[in-house]
Amino acid sequence: LETILVSAATRQELLIGKFLATFATAAFAGIMGLLGLTLTLSLPVSAQAFASTEGQIVLPMWSIGVLLLMILPVAALLSAILLVFGCFARSAREGQTFASYFIMLVAVIAVLSVTSEVQPTREVFLIPILGTTQVQRLILSGSAVPGDVFLAIASTIFVAALGVWVALRLFAN
C-alpha cells in the first residue's frame, strides 16, 4: 500500500486500475462459465439427457456470441458496484461483508428470474441484472428478440458507467 501511495498515480488512475482488475476477473469468470455451458450442451451425453425431457436446449453460434456480449456489461456493472461499496467500507472486512451481501442479492435475483415462468415486459429489460438474466433465459429457450437484448445491454452499460462515476467521485474524497 505504501508503494502505491508514494507513486505518481492519481486517485482516479488508482480507481480505474482497481476497476479494470475487478472487471477482468469478473469477465474471465463469466466467459469460463459460458464456455462450460457451451461444452456441456454440446456433449452427446447431455444432448440425450435433454432430449428425454420436454425441450432440448440448442445453442446456435449467434446466441453464444450474444451471451458473450452480455457478460461484459454485467461484469462492468458488478465491478463498479463493488468499487462503490469499497469506497464506503472502513476496513477490508467491512468491504467483504458489503460485497457478500450484494453478491447474494444478485444470485437470488438471477435464480428467481431464470426459474420464473412469467413472460417479461419491455420495462423489465431496463432493470440491469433482472433484464440480462431474462434475456439469457429467452436466448436459451430460443425466443429472444434483438430489441430486448439491446435494452438489457444498454441499461446495464448505463448503470455501470454511472457506478464508475459515483466511485470516482467517492474515491476523490
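Predicted model: local features only at pLDDT ≥ 70, side-chain atom pairs only at ≥ 80, totals over all residues.
Me: Is T132 buried or exposed?
Reply: Happy to start there! T132 sits in helix α6, which spans residues 128-141. Its relative accessibility is 3%, and the cut-off for burial is under 20%. T132 therefore counts as buried.

Me: Which residues does T132 touch, leaving out those up to four places away in sequence?
Reply: Helix α6 is where T132 is placed. With residues up to four places away in sequence set aside, the contacts of T132 are M70, V74, I127, A152 and T156.

Me: How many aromatic pairs does a search of the whole structure find?
Reply: Ring pairs link F85, F98 and F102 into a cluster. Searching the whole structure, the number of aromatic pairs found is three.

Me: Why is the pair of F19 and F23 stacked?
Reply: The ring centres of F19 and F23 are 6.0 Å apart, and their planes meet at 15 degrees. Planes under 30 degrees apart count as stacked, so the F19 and F23 pair is stacked.

Me: What separates F19 and F23 along helix α2?
Reply: F19 is buried, at a relative accessible area of 13%, while F23 is partly exposed at 22%. Both belong to helix α2 and they are four residues apart, so the separation is about one helical turn.

Me: What is the angle between the planes of F85 and F98?
Reply: F85 and F98 form an aromatic pair with 6.2 Å centre to centre. The pair is classed as tilted, and the angle between the planes is 55 degrees.

Me: How many residues apart are F85 and F98?
Reply: F85 counts as partly exposed at 26% relative accessibility, and F98 counts as partly exposed at 31%. This pair links distant parts of the chain, with F85 in helix α4 and F98 in helix α5, and the separation is 13 residues.

Note on methods. Residues numbered from 1 in each chain as written. Heavy atoms only, no water. Helix = DSSP H or I, 4+ residues; strand = E, 2+ residues; numbered from the N terminus. Buried < 20%, exposed > 50% of the residue type's maximum accessible area, 1.4 Å probe, protein only. Contact = heavy atoms within 4.5 Å. Phe/Tyr/Trp six-rings, centres within 6.5 Å; stacked < 30°, edge-to-face > 60°.
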